[in-house]
Amino acid sequence: MGDGEDQWGALMLAAQSGNSAAYRRLLGEVREWLIRFYTRRLPASFIDDAVQDTLIAVHEKRHTYDPDRPFRPWLAAVARYKWIDRLRAMKRHTTDELADDVAVPDHESAVTSATVLRQLLAELKPAQQEAIRLVKLEGFSVEEASARTGQSQSLIKINIHRGLAKLATIVQGHPHAE
Amino acid sequence: MPNDRLLDELVADLRPVRPRRVGRDLLLLGVIGAVELGLFLLFGAARHDIMIAMKLPSFWWKVGSLGALTVTAGITAVRSFDPSVSPQRGLRLLPALIGAALAIGWVIDAAGAGGAALWARLMWHHGIDCIFAMVTLSIPVIFALGLLMRRGAPTDRKGSALAVGVASAAWGALVFVFNCPHDDPFYIAVWYLAGCAIVSLIARLVLPRMTRW
């Protein structure tokens, strides 16, 4: 990322001065970076919204980028903040049905690619890990997860809720948790 | 994935912006603080025996402790409005500063005559007035820091809000030092701590909700 990173800083500096062409190029490249970033950290059905939210945040908060400092840590901090937002959103919608593209065999790579999220799950209690893995990453319903694990449906919901809350806290408490 | 239309809309909305600078924000806060303190003294709010009080160690203990707290918490807060800077390191310094301030106060207290009952020394009705004054005097700085925080991009909103609260509270108490006629370290430790805790708690509870981005 070395040269690209410096180039992004220069592009953002130009954008802060109102250079549309530089800004368009920066946003296009940042979008690709964000897609890779969130693919490793979120279930497939959440990536789209996370990328969009982050692009809007980059736009609204572009004045907080200090041109004397490297661009990527700034971008990564904004992306991480929105990642935590998404984890909290997943918690709020514990029982929501997931999009159809989740847990369909053809899309297996899409649901198993959230590698960072899976690594973070290891820090939770086994029952919480299992509930989140089944419902949020593999797309099973709460009822199906209950049948598979032997946990009651209420317990599945509680474990998802508490587990995701703890995940958000873990990510927030470790600025470089990646 | 977000399509080109979103990018086009963001580009169409592009306006030149002035990059945020920590030094400029701190200068702005310094000016607001200086104006508040100047007006406070200009309107005759200084204690009538200020010249005598300035010869007492307790006066400079108050000014030094609250000044150190204001500066540390203020810098921590303003720096944390950058998304890539966490307020946690600065926040960890604050308990040590408060502990040192209380320890120095205890030494000053032990060196004095003492002897009166602690309850009598508290003078709670005066203490309540002190708290009210400190909270009121913290408003300009908490307002300014709150606006800077909202304009910035804090990624640890609770931590930033706490730093804002401590900085504003300590500043309000520091301005009040010039009016407060009490020099008893025990009285000061109890009531100033209570006033600062109230402002810090309010900021910690309210600001994270108002600065979501």
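Two residues are taken to be in contact if their C-beta atoms, placed from the backbone, lie within 7 Å. Helices (H or I, at least four residues) and strands (E, at least two) are DSSP runs, numbered from the N terminus. The structure is a predicted model, in which local features need pLDDT of at least 70 and side-chain atom pairs count only at pLDDT 80 or more, while totals for chains, interfaces and linings use all residues. Residues are numbered from 1 along each chain as its sequence is written, and chains are lettered from A and ligands numbered from 1 in the order in which they are written.

The model has an ipTM of 0.78 and a pTM of 0.78. Within chain B, helix α8 (residues 139–151) has the highest confidence, at 96, and helix α6 (residues 118–122) has the lowest, at a mean of 73. Where pLDDT is low, the predicted coordinates should not be read in detail.

Chain A has nine helices and zero strands, and chain B has 10 helices and zero strands. A residue is classed as buried if 20 or more other C-beta atoms lie within 10 Å of its own, as exposed if 12 or fewer do, and as partly exposed in between, with C-beta atoms placed from the backbone. By this criterion, 40% of the 178 residues in chain A are buried, and 40% of the 213 residues of chain B are buried. Among the contacts in chain A between residues at least 6 apart in sequence, 67% join residues at least 24 apart. In chain B, residues 24 or more positions apart account for 88% of the contacts with a separation of 6 or more. The C-alpha atoms of chain B fill a box of roughly 75 × 35 × 25 Å along the principal axes.

A nonpolar core is defined as a set of buried Ala, Val, Leu, Ile, Met, Phe, Trp, Tyr and Cys residues joined through C-beta atoms within 7 Å. The largest such core contains 92 residues, and Val164(B), Val166(B), Ala167(B), Ala170(B) and Ala173(B) have the most contacts inside it. Helix α9 (residues 157–177) of chain B supplies the largest share of this core, 14 residues. Not counting residues up to four places away in sequence, Val164(B) touches Ala77(B), Ile142(B), Leu145(B), Gly146(B), Met149(B), Ala203(B) and Leu207(B).

The axes of α9(B) and helix α10 (residues 185–210) of chain B come within 7 Å and cross at roughly 145°; axes are lines fitted to C-alpha atoms, for helices over the stretch in contact, and angles run from 0 to 180 degrees between N-to-C directions. Residues of α9(B) in this contact include Arg157(B), Lys158(B), Ala161(B) and Val164(B), and those of α10(B) include Tyr192(B), Cys196(B), Val199(B) and Leu207(B). The residues of the contact of α9(B) with α10(B) divide into 14 nonpolar, five polar and three charged; Ala, Val, Leu, Ile, Met, Phe, Trp, Tyr, Cys and Pro count as nonpolar, Asp, Glu, Lys and Arg as charged, and the others, Gly among them, as polar.

Val199(B) lies in helix α10 of chain B. This residue is buried because 27 other C-beta atoms lie within 10 Å. Leaving aside neighbours within four places in sequence, Val199(B) is in contact with Val135(B), Ser138(B), Ile142(B), Gly165(B), Ser168(B), Ala169(B) and Gly172(B). Leu93(B), in helix α5 (residues 88–111) of chain B, is partly exposed, with 14 other C-beta atoms within 10 Å.

Between the chains, 33 residues of chain A are in contact with 23 residues of chain B. On the side of chain A that touches chain B, α1 (2–16), α2 (20–39), α3 (44–60) and α4 (71–92) each supply at least two residues. That side of chain A consists of 15 nonpolar, 10 polar and eight charged residues. The axes of α2(A) and helix α1 (residues 4–12) of chain B come within 10 Å and cross at roughly 145°. In this pairing, Ser20(A), Tyr23(A), Arg24(A), Leu27(A), Gly28(A) and Arg31(A) meet Leu7(B), Leu10(B) and Val11(B).

Notes: pLDDT is the predictor's confidence in each residue, from 0 to 100.
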